[in-house]
Amino acid sequence: MAANDTIADMLTRIRNACLVQQQTTNVPATRMTRSIAKVLKDEGFIADFEETGEGIKKYLVVSLKYKGKNRQPIITALKRVSKPGLRVYSNRQELPRVLGGIGIAIISTSSGIMTDREARRQGIGGEVLCYVW
């Protein structure tokens with residue numbers, strides 16, 4: 001299936017896999033989804049990701065993390081903020097804080113994809129892609 005919004009597609013696949021407690025999920029590989037997966041891995045929301053397939057059928061296999069005996073997912077919620085129909089931008093003074101700093105906002109900046117904390121530290125703003133907590 002061709003998705004116009006690859007970021008929303010990625011977030012939905014991860015959200016659905018967490019709900020049914022799957023160990024891994026496949027996400028179509030693009031530069032944007034690779035960057036978001038790298039940020040999620042660096043922040044400890046996913047265990048790992050690797051690229052499989054060839055040509056146009058490349059996928060990222062995202063390994064999800066769970067905690068405790070009941071296998072509660074580390075990712076409680078994923079929320080898409082900036083959509084193709086309505087882009088949301090923030091300058092460096094107005095970067096959002098998710099749940100008072102417990103969660104992260106993933107920001108697309110001129111220096112690449114990063115968290116709100118990293119963008120605030122570098123003093124740059126950008127497009128607010130999504131919230132994760």
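Modeller: Happy to. Bear in mind that this is a predicted model. Let's begin with D5, which sits in the segment before α1 (6-19).

Biologist: Does D5 count as buried or exposed, and why?

Modeller: D5 counts as buried, because its relative accessibility is 18% and the cut-off for buried is under 20%.

Biologist: Okay, R80 then. What does R80 stand opposite?

Modeller: R80 stands opposite C130, a residue of β10. The strand β6 (residues 78-80) runs antiparallel to β10, and three bridges join them.

Biologist: Tell me about β10 itself. How many of its residues are buried?

Modeller: Seven of its seven residues are buried, so to speak a mostly covered strand; β10 spans residues 126-132.

Biologist: Which other strands pair with β10?

Modeller: Strand β7 (residues 89-90) pairs with β10 in the antiparallel sense, over two bridges. Strand β8 (residues 104-109) is also antiparallel to β10, with five bridges between them.

Biologist: Which residue in β10 is the bridge partner of Y89?

Modeller: That's E127. E127 is the bridge partner of S108 as well.

Biologist: Nice. Zooming out, how many helices and strands does the chain have?

Modeller: There are three helices and ten strands in the protein chain. Going from the N terminus, the order is α-β-α-β-β-β-β-β-β-β-β-α-β.

Biologist: What share of the residues counts as buried over the whole chain?

Modeller: Of the 133 residues, 40% are buried. As for contacts with a separation of 6 or more, 58% come from residues 24 or more positions apart.

Biologist: Switching to the surface: what's the accessible area, and how much belongs to carbon and sulfur?

Modeller: The accessible surface is about 7,800 Å², with 49% belonging to carbon and sulfur atoms.

Biologist: Last one, charges. How many positive and negative side chains are there?

Modeller: The chain carries 21 positive and 12 negative side chains. The centres of those two sets lie 4 Å apart.

How values were computed. Residues numbered from 1 in each chain as written. Predicted model: local features only at pLDDT ≥ 70, side-chain atom pairs only at ≥ 80, totals over all residues. Heavy atoms only, no water. Helix = DSSP H or I, 4+ residues; strand = E, 2+ residues; numbered from the N terminus. Buried < 20%, exposed > 50% of the residue type's maximum accessible area, 1.4 Å probe, protein only. Contact = heavy atoms within 4.5 Å. Areas by Shrake-Rupley, 256 points an atom, 1.4 Å probe, with all protein chains shown as cover. Lys, Arg positive; Asp, Glu negative; His and termini not counted. Charge placed at Lys NZ, Arg CZ, Asp CG, Glu CD. Pairing = 2+ DSSP bridges.
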